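Hi,

Here is the structure I promised to pass on. Have a look at it first, and my notes on what turned up follow below.

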Amino acid sequence: MAEMLKVENLKKAFGKNEVLTGIDGVVNSGQVIVVIGPSGGGKSTFLRCLNLLETPTSGKIAFEGQDLTQLPEKKLDDIREKMGMVFQSFNLFSNMNVMDNLTLAPKRVKGEDEAQAQKKALELLERVGLAEKKDAFPESLSGGQQQRVAIARALAMDPDVMLFDEPTSALDPEMVGEVLKVMQDLAHSGMTMVVVTHEMGFARQVADEVWFMDGGDIAEKGTPEQIFEHPQNERTKDFLSRILAQ
Amino acid sequence: MKLKKISLWLTALVCLLGLFAVFAPSGQVQAADNSLQRVKDKGTLVMGTSPDYPPYEFITKVNGKNQVVGMDVDVAHKIAKDLGVKLVIKQMDFDSLLVALETHKVDMVLSAMTPTEERKQSVDFSQVYYDAGQAIIVRKQDLHLYKDKNSFAGKQVGVQTGSLQQDLAKKQMKKSHLKALTKVTDLILSLETNKIDGIVAEDAVAQAYVANDTRLAKIDAKFDLGGDENGTAIAFAKNSGTLVNAVNHSIDQIKQQKLTKQYINNAGKYMATNTENKSMFNYWSYFAKGVGYTLLITAISVVIGIILGTMFALGRMSRKAILHYPAVWYIEFVRGTPLMIQVMFVYFGVGLLWNNIPAFFAGVVAVALNSAAYVAEYIRGGIDSVPVGQVEAARSLGMSQRDTMQTIVLPQAIKIIWPSLGNEFISLIKESSIVSIIGVTDLIYQLRAVQAATYRGVAPIAVAMVLYFIMTFTLSRILNHAERKMQHG
Ligand SMILES: Nc1ncnc2c1ncn2[C@@H]1O[C@H](COP(=O)(O)OP(=O)(O)OP(=O)(O)O)[C@@H](O)[C@H]1O
Ligand SMILES: [Mg+2]
């Protein structure tokens, strides 16, 4: 399996607040990594460092063999294009309808023509079950629908890896399933994914590896079976017992 | 960090003072006297005047066109003819006339100006070309109450700001309460509405108003006048000996041939045609021109203001100090000073470097630069209120900062900014009226002109007010309509 992302001793501080204290990890092509951990542990910061939305303080992030921390801002746009990102709060462009949300970046960044971009967008909307909403504006969609559109929007760029930051946390419980279903299908299609989530069921079923993050570093890594059935680290055990008690 | 900020502010202050230092000394430079040669070389003699003072200078319609006429204009024509050059008339507020001389915006000032000692400190004067006594204008029904200046103890007396009459009244009517206004027309209005009890004015002026308004009468003021304190002369920039000599020569002829009498008769004829029909309809072209200019100034200023304002807003939001701090200074400074001073600074201050800066251009530039600072803050507020998630989503798709700004942030910000931009547009219609002080012929300026021409105070004000309202009301309807369309589109 080819290495897609390799993180070495990644550190990030906001002023004096050291949020990431040295993270190491490898994401192989086609793998699904699920990152779990307590609130404030640095999961979002880690994810945002991966596509340089946040600039790391030190360390290396190798993406397909290229060290991103050494690249100038202009080159980073080319890199981000290959890393799709899905946010907790969807962040659909509120000044555009669904179709334009999906075709904007392919046209602007990849130079696709209108017809080409629309054709692909329709396919993707079909795939997330929202083809009939192509002319709707984001504000008229439910949270679950918005998040599915957001996933389709990221996929429209044909990314090599997809980053998810708590994609279901802002959803009403009855909508969580529809989004997880889309993500599950995506995983089965072979997409490389890094998913921050509190959905332990999803982690168990879909993850190839689970990373437990706490206090700015990865306390424990392993298969779902290892992490959920036989956690080694005290912090992991503590976290899981609290989560499962809910 | 704090120290750095303070030092940046200090730099800003020093730069600003430097700016003034550049302008300040140039006023005092004593060049060789080439005043006459300069006028002959350029072939024009530029006269500055405040045409609201019949019979000396006022505006009337000649062959359907508004024109400055009056005794002073005839005198100036005679001088220009003697010098073999073309006369150009520049109109501005009386208060601005001497500054215009110092900054070489005009070659001479003929505006019924009396050569007082104070004025002689800053400008040169020709010999006196016309001598008139001083009168006090009163309401006709009160005529029996007054004999001369001493009858006004404890009364309210009006004078024109910066005029000889103001000086005289200050010194010789110590028991009266003085009220100074810029325009004679405003003084007349104050008198007719009982706000003041008398107006000290030159006899010829008093005569003009009394002859045209049956509610008014005049008495002799009986001031103690010494020498030159009585009469009107032509003002020049300091150190203009050669030009003054040439002009004195023309004045000699005017006196010998008793031309002033003929000039005053001419003025009287114009005044009579002016007052033949005092209906506001007769002056619609004045108002139309004023509305046109007001709209033009506003429209140009809005466009420039939005373009510059966007640049300043982006500058202020930039993380680069070289863009950020100048934008911050500019915005704070402009918002912290009155538009009126900015208009005067651009016209007179910048005019020191660029001599022939047209008043209209200076006015538009000042208003646009002023508006840009306010627009910048609206735009910054609008951009700030676009959620960061929108930007992050765009960036995560590989879109550049510029693309993100253009396709995501600005379109969303515009919706938020639009109402404030509309308000700015509307308030510019009103605030641009300040450019009338440098002689831009906007609606306020035309209102003054109609007042001077018709001897009517209130009616022109009412017409101008209604016109302003029609403009702002129509505009706000249009903007509301556009806003509704945008929110649904
Ligand atoms: N832009 C920022 N500026 C300063 N501090 C920040 C910033 N972003 C995050 N932090 C801090 O970094 C720490 C980790 O935050 P992060 O959002 O990465 O945690 P998380 O694991 O994603 O938590 P959650 O489960 O609540 O989303 C927190 O203490 C947070 O206050
Ligand atoms: Mg988070």
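Strand 2 (17–28) and helix 1 (43–50) of chain A each supply at least two residues of the shell around ligand 1, with helices (H or I, at least four residues) and strands (E, at least two) being DSSP runs numbered from the N terminus. Helix 1 of chain A gives the largest share of that shell, three residues. Before I go on, the ground rules: this is a predicted model, where local features need pLDDT of at least 70, side-chain atom pairs count only at pLDDT 80 or more, and totals for chains, interfaces and linings use all residues. Residues are numbered from 1 along each chain as its sequence is written, chains are lettered from A and ligands numbered from 1 in the order in which they are written, and side-chain values use heavy atoms, with hydrogens and water left out.

Back to the ligand. Among the residues surrounding ligand 1 are Phe14(A), Asn17(A), Pro38(A), Lys43(A), Thr45(A) and Glu166(A), where near means a heavy atom within 4 Å. By class, the shell has three nonpolar, seven polar and two charged residues; here Ala, Val, Leu, Ile, Met, Phe, Trp, Tyr, Cys and Pro count as nonpolar, Asp, Glu, Lys and Arg as charged, and the others, Gly among them, as polar.

Oxygen atoms of ligand 1 also pair up with the protein. A backbone N or O atom of Gly41(A) is 3.2 Å from one, and for a backbone N or O atom of Lys43(A) the distance is 2.8 Å. Ser44(A) uses a side-chain N or O atom, 2.7 Å from a ligand oxygen. On its own ligand 1 has 630 Å² of accessible area, and the protein covers 59% of that (Shrake-Rupley method, 1.4 Å probe).

Now the two chains. Contact here is heavy atoms within 4.5 Å, and by that rule 23 residues of chain A touch 17 residues of chain B. About 1,700 Å² is buried between them, 56% of it from carbon and sulfur atoms; buried area is the accessible area (1.4 Å probe) that two parts lose on being put together, summed over both. Phe93(A), Asn95(A) and Arg108(A) supply 30% of what chain A buries against chain B, more than any other three residues.

There are four salt bridges between chain A and chain B (a side-chain nitrogen of Lys or Arg within 4 Å of a carboxyl oxygen of Asp or Glu). One of them, I'd point out, joins Arg395(B) to Glu73(A), with the closest N and O atoms 2.8 Å apart.

Pro54(B) and Pro55(B) are joined by a cis peptide bond, omega about 5°, and Pro55(B) sits in the loop between strand 2 (52–53) and strand 3 (57–62) of chain B. Asn194(B) has a positive phi, near 65°, in the loop between helix 7 (184–192) and strand 11 (198–202) of chain B.

Cheers

Methods:
Polar contact = N/O pair within 3.5 Å; in protein donor to acceptor, adjacent residues only side chain to side chain.
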